[in-house]
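User: I am new to protein structures and would like to learn how to read one. Could you walk me through it step by step?

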Amino acid sequence: MFLDFKAATSQTNSNTQSNSYSTNNTGINFSKEVFVYIDGNGNISKGTGSEIIKGFNNAGMQISQIDEFKNNYQKPVFIVTIKNFDILYTPFYSTANIEAFYFYSSEGDTKYYKGFKRDKNPTVRFYSNESKSGEYIKQGALSMKDSTKGIISLKAYTNHLEKNLATNVIKSFLPVEQQWRLKWMGLY
């Protein structure tokens, strides 16, 4: 069945933890194109990636989705990984537990990505000759729990999870002033 129907109520809770590292008070550069890489091949990864890209575009970022992981990119990079997802679906009651991780590097360097992804806390070192304008790294971990009661199709439930996960990633990543812009525009 590919029907998309929903007559249900949901309770979604999420916890986020994020850390950022910078030199020269650098932050997210909204004037540069950002490469977005979604680490994972599942349907929920693809849908969440699409929602994140929409949100970033609405926040004024120039986004290019890439399909290949590299150790270094020539532009800023944002990587999202859905680490675990446990979904119990029935048409009348569905639950989900999802853990996700994101990583951003203003210089496109992914050398710390794998350490953060494995829940290790690698020591981040910046060297003064690496970047004259400054460097910014941000990483975050999310856990999201959802409970939905009512009549809902699998497609509608998957869309609901993707949108909520993407919204939580965007809220955790973007500076407060960009979040207000999206909220004011009614985009989340």
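Predicted model: local features only at pLDDT ≥ 70, side-chain atom pairs only at ≥ 80, totals over all residues.

User: Let's start inside. How many residues does the largest nonpolar core have?

Analyst: A nonpolar core is a set of buried nonpolar residues joined through their side-chain atoms. Here the largest one has 32 residues, and Phe 56, Met 61, Phe 78 and Phe 173 have the most contacts inside it. At least two residues each come from strands E2, E4, E5 and E6 and from helices H1 and H3. Helix H3 gives the most, with eight residues.

User: What is Phe 173 in contact with, leaving aside its neighbours within four places in sequence?

Analyst: Its partners are Ile 28, Phe 56, Met 61, Phe 78, Tyr 102, Tyr 104 and Lys 138. There is also a second, separate core of 13 residues, which includes Tyr 37, Phe 101, Tyr 113 and Phe 116.

User: Now for charges. How many salt bridges does the structure hold?

Analyst: A salt bridge pairs a side-chain nitrogen of Lys or Arg with a carboxyl oxygen of Asp or Glu, within 4 Å. This structure holds three. One of them joins Glu 33 and Lys 75, at 2.4 Å from N to O. That pair links distant parts of the chain: Glu 33 is in strand E2, while Lys 75 is in the loop between strands E3 and E4, 42 residues apart.

User: Where do Glu 51 and Lys 54 lie?

Analyst: Both are in helix H1, three residues apart, which is about one turn of the helix.

User: Is Glu 51 buried or exposed?

Analyst: Buried means under 20% relative accessible area. Glu 51 has 18%, so it counts as buried.

User: Let's finish outside. Which residues form a nonpolar patch on the surface?

Analyst: Look for Phe 5, Phe 92, Tyr 93 and Ile 151, which together have about 390 Å² of accessible area. Tyr 93 lies in strand E5, and its 35% relative accessibility makes it partly exposed.

Note on methods:
Residues numbered from 1 in each chain as written. Heavy atoms only, no water. Patch = residues over 30% accessible without salt bridge, like charges linked within 9 Å, V, L, I, M, F, W, Y side chains within 5 Å. Areas by Shrake-Rupley, 256 points an atom, 1.4 Å probe, with all protein chains shown as cover. Helix = DSSP H or I, 4+ residues; strand = E, 2+ residues; numbered from the N terminus. Buried < 20%, exposed > 50% of the residue type's maximum accessible area, 1.4 Å probe, protein only. Core = buried A, V, L, I, M, F, W, Y, C linked by side-chain atoms within 4.5 Å. Contact = heavy atoms within 4.5 Å.
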